[in-house]
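Thank you all for coming this morning.

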Amino acid sequence: MKFMMIVKHPEKQGPPPKSLMDAIAKLAEEESKAGTMLGSGGLGPTALGARVRLSGGQINVIDGPFTEAKEVVGGYAQFELDSKEVAVESAVRFMELHKKHWPGWEGETEVRQMYGPNDFPPMK
């Protein structure tokens with residue numbers, strides 16, 4: 001089963017400590033060697049981004065920053081794991097690194113199962 005882990009946090013927390021980035025790199029290396037991590041990455045600030053929105057039949061482009069956002073997606077990782085329970089355990093390990101290396105940091109990791117075209121019945 002494929003899972004996406006989405007890290008959300010307030011945008012104005014500043015850059016992560018080097019010790020956290022080192023610990024995340026070590027964890028990612030272990031997960032990659034085990035064949036469970038399919039990919040990961042951090043995301044830049046919303047000031048450098050844009051949103052493309054379809055609403056009322058119109059497509060609009062909105063440049064960042066996005067002032068209405070209380071929290072932002074700061075990063076993601078994709079995994080191939082046996083179950084939701086295993087995915088949640090992995091997210092807990094990841095959040096434990098934040099607790100240890102960045103005291104006071106607040107955020108969450110959302111765990112979502114991923115689906116592809118083969119996971120749905122054919123359209124008629």
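Please find D22 and K18, which form a salt bridge in which the closest N and O atoms are 2.8 Å apart. Keep in mind, as we go, that this is a predicted model. Both D22 and K18 lie in helix α1, which covers residues 18–34, and they sit four residues apart, which is about one turn of the helix. How exposed are the two partners? D22 has a relative accessible area of 42% and is therefore partly exposed, because that class lies between the limits of 20% and 50%. K18, at 61% relative accessibility, counts as exposed, because its value is over 50%.

A second one joins K8 to E110, with the closest N and O atoms 2.4 Å apart. Here the link is between distant parts of the chain, for K8 is in strand β1 and E110 is in strand β6, 102 residues apart. E110 also forms a salt bridge with R112, where the closest N and O atoms are 2.8 Å apart. Through these shared partners, K8, E110 and R112 are joined into one network of salt bridges.

The secondary structure comes to two helices and six strands, and from the N terminus on the elements run β-α-β-β-β-β-α-β. The C-alpha trace spans about 45 × 45 × 20 Å along its principal axes. Of the 124 residues, 28% count as buried. Among contacts with a separation of 6 or more, residues 24 or more positions apart account for 77%.

Which strands make up the open sheet, and in what order do they stand? There are four of them, in the order β2-β5-β1-β6, and their pairing is antiparallel. β2, residues 37–42, and β6, residues 108–113, stand at the edges with a single partner strand each, so one side of each is left without a neighbour in the sheet. Neighbouring strands of this sheet are turned against each other by 20 degrees on average, if direction is ignored. As a reminder for those new to the subject, strands of a sheet pair through backbone hydrogen bonds, either parallel or antiparallel.

Let us now follow β1, which covers residues 2–9 and is joined to β6 by six bridges, the two strands running antiparallel. Along this pairing, F3 stands opposite Q113 in β6, while M5 stands opposite V111 in that strand. With β5, strand β1 pairs in the antiparallel sense over eight bridges, and K2 has E80 in β5 as its bridge partner. β1 is also mostly covered, with seven of its eight residues buried. Lying across β1, β5 and β6 is helix α2, residues 84–101, which runs at about 160 degrees to β6.

One feature to look for is a nonpolar patch formed by V52, L54, I59 and V61, which together have about 460 Å² of accessible area. The elements that give two or more residues to this patch are β3, residues 50–55, and β4, residues 58–63. I59 lies in strand β4, and with a relative accessible area of 61% it is exposed, because the limit for that class is over 50%.

Finally, I would ask you to look at the loop between β4 and β5, where P65 is found. The peptide bond from G64 to P65 is cis, with omega near 5 degrees. For comparison, most peptide bonds are trans.

To close, please take two pictures with you: the salt-bridge network of K8, E110 and R112, and the open sheet with its order β2-β5-β1-β6.

Conventions: Residues are numbered from 1 along each chain as its sequence is written. This is a predicted model: local features need pLDDT of at least 70, side-chain atom pairs count only at pLDDT 80 or more; totals for chains, interfaces and linings use all residues. Side-chain values use heavy atoms; hydrogens and water are left out. Patches are made of residues with over 30% relative accessible area and no salt bridge: like charges are joined within 9 Å, nonpolar side chains (Val, Leu, Ile, Met, Phe, Trp, Tyr) within 5 Å. Accessible areas come from the Shrake-Rupley method with a 1.4 Å probe; for residues, only the protein chains shown count as cover. A salt bridge is a side-chain nitrogen of Lys or Arg within 4 Å of a carboxyl oxygen of Asp or Glu. Buried means under 20% relative accessible area, exposed over 50%, partly exposed in between (1.4 Å probe, protein chains only). Two strands pair if DSSP finds at least two bridges between them. Axes are lines fitted to C-alpha atoms, for helices over the stretch in contact, and angles run from 0 to 180 degrees between N-to-C directions. Contact means heavy atoms within 4.5 Å.
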